[in-house]
Amino acid sequence: MNQALHSAARRLIIALDYPNAAEAGQLITQLEGIPCYMKVGMQLFYTAGPDFIRELKSRGYSVFLDLKMHDIPNTVKGGAHSITRLGVDMFNVHAAGGRQMMAAAAAGMEQALQEDSSLQRPLLIAVTQLTSTSQETMNQDIGIPGKVEDTVVRYAQMARESGLDGVVSSPLEGPAIKQMCGHSFITVTPGVRPAGSDAGDQSRIMTPGQAMAAGNDYLVVGRPITGAKDPRQSAEQIIEEMSVHVND
Ligand code: C5P
């Protein structure tokens, strides 16, 4: 794999949305050697646990532990401490938990790093508004007035001011977030679909090339890879498309 492909692969996060370690294991074996991230969400983590995270790390993958913490600051601080000790590369909290909660997550991470200098610093990111949240749900159920994009950008700014590294957002919101928070503030974007593939339940989508060209940093891709006849070939095609727009 040449340098451009290697850099692009480091920015691809594959969503391991599987019910158990055995099923996820088949995919991680098929993709062995590709230096991408694997995203472990609550479905898999609640059955496979820390052992599975260690398995991914031992196979050379980077790990995004997507548990979307949202609780009182003290509890989130403890959660962030435990997650950092697992040696993950990226984890997240809900921006809706507020500044104090996000700062507590950062403090929990710092504490773990100080206690064990062999640990690497993970990226700590905030979930803004889930892409499944419509304006109607946000306005009427959650009680936040206005447009979803305005809340996303406001949450991103709050996350940056709380010391976080970036946010999860739709690929379309990346440019507005970068404009408000600066280029080095990271955007991690699901809702990515290669041209011609099934959109599934994702609505505001971009192709891998478009999402990178829009300035986003990491792309989260699930079903276009996990549901492909040849997942390795699908991942390699996506990486190739991304590589055109990666210049590090
Ligand atoms: O299969 P697909 O590519 O749609 O998977 C996208 C992944 O990103 C899933 O794991 C989903 O939970 C996650 N995600 C999302 N939208 C968000 C936050 C996370 O699709 N706003």
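This briefing describes a pocket, a helix and the nonpolar cores of the structure above. The model is predicted, so local features need pLDDT of at least 70 and side-chain atom pairs count only at pLDDT 80 or more, while totals for chains, interfaces and linings use all residues. Residues are numbered from 1 along each chain as its sequence is written, and side-chain values use heavy atoms, with hydrogens and water left out.

**The largest pocket**

- The largest pocket has a volume of about 640 Å³, where a pocket is an open set of points on a 1 Å grid over the protein atoms alone, at which a 1.4 Å probe fits, with protein on both sides within 12 Å along at least five of seven lines, and a volume is the space filled by probe spheres set on the points, which are joined across faces, edges and corners.
- The pocket is lined by 27 residues, of which Lys39, Lys68, Thr131, Pro190 and Gln202 are the closest to its centre; a lining residue has an atom within 4 Å of a point.
- β3 (62-69) gives the most to this lining, with 3 residues, and β8 (218-221) and α10 (223-226) each supply at least two; helices (H or I, at least four residues) and strands (E, at least two) are DSSP runs, numbered from the N terminus.

**Lys39**

- Lys39 lies in strand β2 (residues 37-41) and is buried, with a relative accessible area of 10%, where buried means under 20%, exposed over 50% and partly exposed in between, with a 1.4 Å probe and protein chains only.
- Leaving aside neighbours within four places in sequence, Lys39 is in contact with residues including Ile13, Asp17, Phe64 and Val220, contact being heavy atoms within 4.5 Å.

- The buried residues of α8 (residues 174-181) are Gly174, Ile177, Lys178 and Cys181. They cover an arc of only 100° around the axis, which puts them on the same side of α8, the arc being that of the directions from the helix axis to the C-beta atoms.
- These buried residues pack against α7 (148-161), β6 (166-168) and β7 (186-189).
- Gly182, in the loop between α8 and β7, takes a positive phi of about 100° and counts as partly exposed at 24% relative accessibility.

**Nonpolar cores**

- The largest nonpolar core has 69 residues, and Leu16 and Leu65 have the most contacts inside it; such a core is a set of buried Ala, Val, Leu, Ile, Met, Phe, Trp, Tyr and Cys residues joined through side-chain atoms within 4.5 Å.
- A second, separate core of 13 residues includes Ile13, Ile125, Val188 and Tyr218.
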